[in-house]
Amino acid sequence: MGVFFLNPTQMFGRILSASLVSVIASLTSLISLEVFPTAAFGQLPDASVETKLTVPNTMSYTPFNINRYLKVPPNFSVSVYARIPQARFMAVAPNGDLLVSQPSLGKVVIVRPNGTNDPIISDFVTGLRKPHDIVFHTIDNTTYIYISESHQINRFIYNSGDITAQNREVVVAGLPDSSTAELRGAYGHELKNIALDANHKLYVSIASTCNACTQDTVSNPKRGAIYQYNADGSNQRLFAQGLRNAEGLAFLPNTNDLWVVVNNRDNIAYPFNDGSGNYGNIIPSYVDNHPPEEFTKVRDGGNYGWPFCNPNPDTPNGLNNMPFDRDYQFNADGHVNCDAMDRITKGIQAHSAPLGLTFLQNTNFPSLYSNGVVTGLHGSWNRQTKTGYKIAYFPWNTTIQTPGEEIDLVSGWVVPATQETWGRPVDMVVDPQGNLLISDDYSGTIYKLSYNVSSTLPQVKVYRDQNFAGVSQSFPTTPGVYKANEGGLNIVGNDAISSLRVPPNTVVRVCQHETGGLCREFSAGDYSYVGNDLDNIISFIEVNPSSTSSPQVEVYRDQNFAGVSQSFPTTPGVYKANEGGLNIVGNDSISSLRVPPNTVVRVCQNETGGLCREFSAGDYSYIGNDLDNIISFIEVK
């Protein structure tokens, strides 16, 4: 089992109260900045480090046939743990085995550790109808595994080490799904999610059949609702309604408080008769941000508005405790009183599609983050600009028992430059070692997010002042990129680095700008001063750049690979000064270049030709008097 140490910063993060803030300045010298330095000020490091996924060779097929990167907080690494097609919800068995549902394949698989080899994956139970959620629950001395199907809820008796399901019992039958006669095969959200509380009550989310409709509000059972049962399936009753598609159901640890995340409606009509001419119309710019997805506490007897009332994020409340607007399609006349609805505790960006919901309290996840909750944002399908595709984290306010402000814990399943989607996260669980396992039904993957204990790992350390003095910030030696404009240098500060220490077997590249500019690499050693030309102008740090990226063509403003530099990929391309292609190094200002293996670079005096020369693989400390400082065209072949 992993051991997670609390350094002084983490201890302050756990015990700090408002009354202590005034004394922080006098305590700063006592606080280690090596792991999570912002914790003492109430800020948790978010997903700011672009980190290369570690992928076993046996799992390096699409989409991992090329290097993939995810952003994670400092001191975390991320790897591919298993490949499971269309993996959805998960549960960790008492002995540490992992169960994963595959609704489209009608089965649940078990994933067992196998030392340093790939985990062993086998069928746990097959022949099910769209199995989805999985919950372990102990009553007296018997441990059960509850598994939801689209039309019923099963439970199996579990004994430690079971690798197949035993003693099946159907506890709830006859739930509506696409086989229900009145629905004629049409059920938009038929997968079922479940939870059990400390009083052995079973909660079942029966989601809506539609985007928005009134039929679901008068059906039997109601849809867009949550029902409560005894653990054996008896004593069904309506618990709450107005929840369009509650996917993640979870109880706040050590309470019977039920929390859910909800996928809200699409294509909402503009609800305000404000003279804009938009009333009742589908306005894409409005639809993009309305209505928010929902993360809310659910009370017995509550009604959360759908399909008549939609939470409004545009008031001074923002995404907290939002008031409702009338839905134009179903409640324009106000016959349903939206003021009587239960307000949503916390909103999430519209169309993010939250699925799994996991509280981290009482787990072995790193202690700085363990007082919080995560949800998998599966990602939008109909928003003008994609949103979601990440793991969102909410710190937990234990005073008022509500979630704080959302931050990204893991992001990057959409490539910003191309908008390529290569993964869609679903659910999260914490294994006995404290790793966060993340399922992805799009790429068919289970990822492992791991914390690297800083007390046992060397660190790159940068300092604000010369001679290793002043505010410092540490980075792991695992490959990563840290950019000031993305918060990666939030401790030491943007443009505020004067010295650094680089541990053995590590290379650090620093640059003047996030996009390049003057760059320099530092190999292992202590550097008491970065030099006049870089002092206090560093906005970009890359650790072990040779490991994090593909080979690059590099051109330099000065001879001997000095001065401002600019890099280009080795894929074929043309870069012209008059089209901004040399915007970093500058037009007519190249004196040396490096060409990686299997690459040829042609440089020319003018964008349309003139004097040209080709350079094959190698390092060229000077390009020659006839081309020095007159290059305006580069072609990579």
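Tutor: What follows is a discussion of strands, aromatic rings and nonpolar cores, term by term. The model is predicted, so local features require pLDDT of at least 70 and side-chain atom pairs pLDDT 80 or more, whereas totals for chains, interfaces and linings use all residues. Residues are numbered from 1 along each chain as its sequence is written, and side-chain values use heavy atoms, with hydrogens and water left out.

Student: Why is Phe76 called buried?

Tutor: Buried means under 20% relative accessible area, exposed means over 50%, and partly exposed lies in between, with a 1.4 Å probe and protein chains only. Phe76 has a relative accessible area of 2%, so Phe76 is buried. Tyr451 has 9% relative accessibility and therefore also counts as buried.

Student: What makes the rings of Phe76 and Tyr451 a tilted pair?

Tutor: Rings of Phe, Tyr and Trp (its six-membered ring) pair if their centres lie within 6.5 Å; planes under 30 degrees apart count as stacked, over 60 as edge-to-face and the rest as tilted. The centres of Phe76 and Tyr451 are 5.3 Å apart and the planes stand at 50°, which makes the pair tilted. Phe76 belongs to strand S3 (residues 76–83) and Tyr451 to strand S31 (residues 445–451), 375 residues apart, and the pair thus links distant parts of the chain.

Student: Why is the pair of Tyr144 and Tyr146 described as edge-to-face?

Tutor: Their ring centres are 6.3 Å apart and their planes stand at 65°, so the pair is edge-to-face. Tyr144 is buried at 14% relative accessibility, and Tyr146 is buried at 0%. A search of the whole structure finds 25 aromatic pairs. One aromatic cluster is formed by Phe76, Phe365, Tyr369, Tyr393 and Tyr451.

Student: How do you know that Arg155 lies over the face of Tyr144?

Tutor: A charge sits over a ring if NZ of Lys or CZ of Arg is within 6 Å of the ring centre and within 35 degrees of the ring normal. Arg155 lies over the face of Tyr144 at 4.1 Å from the ring centre. Arg501 lies over the face of Phe468, at 3.7 Å from the ring centre.

Student: What makes S8 and S9 a pair of strands?

Tutor: Strands (E, at least two residues) and helices (H or I, at least four) are DSSP runs, numbered from the N terminus. Two strands pair if DSSP finds at least two bridges between them. S8 and strand S9 (residues 142–148) have 6 bridges and pair in the antiparallel sense. Within S9, Ile145 is the bridge partner of Phe136. The two strands form a hairpin with 2 residues between them, and Asp140 in the turn has a positive phi of about 55°. Strand S8 (residues 134–139) is mostly covered, with 5 of its 6 residues buried.

Student: Why is strand S24 said to be largely enclosed?

Tutor: In S24 (residues 354–359), 6 of the 6 residues are buried, so the strand is largely enclosed by the rest of the structure. S24 is joined by 4 bridges to strand S25 (residues 372–377), and the two run antiparallel. Phe359 has Val373 as its bridge partner in S25.

Student: What makes a set of residues a nonpolar core?

Tutor: The set must consist of buried Ala, Val, Leu, Ile, Met, Phe, Trp, Tyr and Cys residues joined through side-chain atoms within 4.5 Å. The largest such core has 29 residues, and Phe365, Leu409, Val410, Trp413, Leu436, Tyr447 and Leu449 touch the most other members. A second, separate core of 27 residues includes Ala195, Cys210, Ile226 and Ala240.

Student: Which residues is Phe365 in contact with, leaving aside its neighbours within four places in sequence?

Tutor: Contact means heavy atoms within 4.5 Å. The residues in contact with Phe365 are Phe76, Leu360, Ser370, Leu409, Val430, Gly434, Leu436 and Leu449.
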